[in-house]
Structure formats: structure tokens, C-alpha cells
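Here are my notes for your first look at this model. Please keep the structure open beside them and find each residue as you read.

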Amino acid sequence: MKKDFPHLPAVKIHLHKSIPIGAGLGGGSSDAAYTLMALNDRYALNLLEEQLLSYALMLGSDCPFFIINKPCIAGGRGEILEPVNISLAGYRLVILNPGIHLSTPWAFSHIKVSTDLPVTHTNSFHYMLSSPLNTWKGTFKNDFEEPVFKKYPAIRAARDLLYARGALFAMMSGSGSSVYGIFDKETQHSIDFPENLPGYSIIL
């Protein structure tokens with residue numbers, strides 16, 4: 001951006017970091033994307049979304065997602081984004097962070113993705129997302145879970161804990177280590193996680 005806009009001055013930024021690092025929540029990527037948008041607004045660069053997406057992709061494959069900041073199906077390395085209509089009205093999201101810093105490069109180096117499965121109408125993301133949320137369990141799969149759960153059983157335990165507390169659907173977020181559960185709003189009052197989980201934090 002500085003190369004394209006030489007007049008940009010030096011900028012001092014204070015970042016108050018509240019999203020855990022190495023948690024699979026896109027904290028760093030969202031910080032990067034919003035910094036681009038902040039500079040665009042602050043210095044009236046008049047960059048279009050397409051241009052911001054290009055800058056974001058230079059910073060990381062998942063940074064463009066936070067420029068659009070809407071539910072999307074991602075392709076390629078994560079930079080091909082197709083917005084989708086989905087609503088979680090009537091549900092509540094609980095994120096459980098086990099206090100484990102998980103290396104994204106390590107997760108990618110151990111992932112095994114099946115490439116021999118044909119894409120059909122019934123296993124496409126569009127079809128699955130249009131299905132009732134209570135059918136998502138066993139339908140959606142995070143390929144990172146297998147190697148991560150093997151090395152860090154506590155992360156699997158966190159995912160299973162969400163199901164035990166009544167989650168309709170639960171999964172590890174991205175490459176980990178956080179897990180999330182989607183609950184009916186009526187069941188939220190019954191969620192009481194054990195207090196003997198050192199390092200865990202809950203984001204409602």
C-alpha cells in the first residue's frame with residue numbers, strides 16, 4: 001500500500017488483543033484486514049473492495065474474508081469467496097478456548113484431505129448449509145480435527161463437552177485450538193462448564 005501511495009505517513013497503532021493467539025479464530029487475519037480498511041478510510045484512498053481484497057491476499061489467504069465480512073464459501077487457498085445466505089437467528093454460539101497455542105503451519109503439515117470423493121448435489125456446501133442445523137452433525141467435517149485431536153486430546157474433550165451440554169452442532173474452529181458449539185437459545189441457561197479446566201476460557 002505504501003508503494004502504491006507514497007504520500008502515506010508513518011502510522012502508530014495500538015492493538016488491544018483480546019482474541020487468543022493460535023486459537024483458530026482468525027484474530028491476526030482480521031486485525032490485518034481491518035488495518036487495511038482503517039488506512040483506506042483515514043487517508044481517503046478511495047480503494048474499492050476489489051483492491052482491498054488484493055492487498056489482503058498479500059497478507060494471508062484468509063485475510064480477504066474479513067474484508068467482505070459476511071458468511072462465505074471459500075475456494076482456492078481461501079481467497080475465492082462466494083457469499084452465501086445463512087441465518088443463525090434463534091441460536092447462540094459458544095466458543096470454548098482450551099488455552100492451547102496451536103501452530104497453523106504444524107496443522108497444515110499434518111492434514112490429510114480426501115481428494116477422490118466426487119462432489120455431488122447432496123454433499124455440496126450449498127446443499128448442506130440449506131439443511132436444518134440439527135442435521136449438520138456427521139455431515140460437515142473439519143479435516144484438521146483428526147491430527148489435532150490425536151496430538152491434543154484436550155481439544156477433542158472440549159468439543160465433546162459442548163455436545164454433552166446440548167450443542168446441536170460442535171466443531172473445531174479452523175486449524176484450532178478453539179472449538180465452538182451452536183445451541184438453541186432456550187438451552188443456554190443450562191450450560192455450566194466445569195471449573196476444573198485450567199486455561200480454558202468461554203466466549204458467549
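1. Let's begin with Asn69, which is partly exposed at a relative accessible area of 42%. (Buried means under 20% relative accessible area, exposed over 50%, and partly exposed in between, with a 1.4 Å probe and protein chains only.) You will find Asn69 in the loop between helix 3 (63-68) and strand 1 (72-75). Helices (H or I, at least four residues) and strands (E, at least two) are DSSP runs, numbered from the N terminus.

2. Before going on, a word on what you are looking at. This is a predicted model, in which local features need pLDDT of at least 70, side-chain atom pairs count only at pLDDT 80 or more, and totals for chains, interfaces and linings use all residues. Residues are numbered from 1 along each chain as its sequence is written, and side-chain values use heavy atoms, with hydrogens and water left out.

3. How confident is the predictor? The term to know is pLDDT, the predictor's confidence in each residue, from 0 to 100. For this protein the mean pLDDT is 86, and 86% of the residues reach 70 or more. Among the elements, strand 4 has the highest mean pLDDT (96), while strand 6 (residues 201-203) has the lowest (60). Where pLDDT is low, the predicted coordinates should not be read in detail.

4. Ala44 also deserves a look. Its phi is positive, about 45°, although Ala44 is not a glycine. Most residues other than glycine have a negative phi, and most peptide bonds are trans. Ala44 sits in the loop between helix 1 and helix 2 (49-59). Is Ala44 buried or exposed? With a relative accessible area of 53%, Ala44 is exposed.

5. Now turn to the peptide bond between Gly176 and Ser177, which is cis, with omega about 25°. Ser177 belongs to the loop between strand 4 and strand 5, and Ser177 is buried, with a relative accessible area of 0%. A polar atom of the Ser177 side chain lies 2.6 Å from the backbone oxygen of Ile100. Leaving out residues up to four places away in sequence, Ser177 touches Gly22, Ala23, Gly24, Asn97, Pro98, Ile100, Leu102 and Ile155. (Contact means heavy atoms within 4.5 Å.)

6. Ser175 is found in the loop between strand 4 (169-172) and strand 5 (179-184). At 8% relative accessibility, Ser175 counts as buried. Which residues does Ser175 touch, not counting those up to four places away in sequence? They are Leu102, Thr104, Ala107, Phe144 and Val148.

7. Gly22 lies in the segment before helix 1 (27-42). Although Gly22 and Thr104 are 82 residues apart in sequence, their C-alpha atoms are 7.2 Å apart in space. Beyond residues up to four places away in sequence, Gly22 touches Ile100, His101, Leu102, Gly176 and Ser177.

8. How many salt bridges are there? The count comes to four, where a salt bridge is a side-chain nitrogen of Lys or Arg within 4 Å of a carboxyl oxygen of Asp or Glu. One of them pairs Asp31 with Lys17, with the closest N and O atoms 2.7 Å apart. This pair links distant parts of the chain, with Asp31 in helix 1 and Lys17 in the segment before helix 1, 14 residues apart. Asp31 is partly exposed at 24%, and Lys17 is partly exposed at 34%.

9. Glu145, Arg159 and Asp160 are linked in a network of salt bridges. The closest N and O atoms are 3.6 Å apart between Arg159 and Glu145. Arg159 lies in helix 7 (residues 153-164) and Glu145 in helix 6 (residues 145-151), so their pairing ties together parts that are 14 residues apart in sequence. For Asp160 and Arg159, the closest N and O atoms are 2.9 Å apart. Arg159 counts as buried at 14% relative accessibility, whereas Asp160 is partly exposed, with a relative accessible area of 35%.

Conventions:
A polar contact is a pair of N or O atoms within 3.5 Å; within protein, one must be able to donate a hydrogen and the other to accept it, and residues adjacent in sequence count only if both atoms are side-chain atoms.
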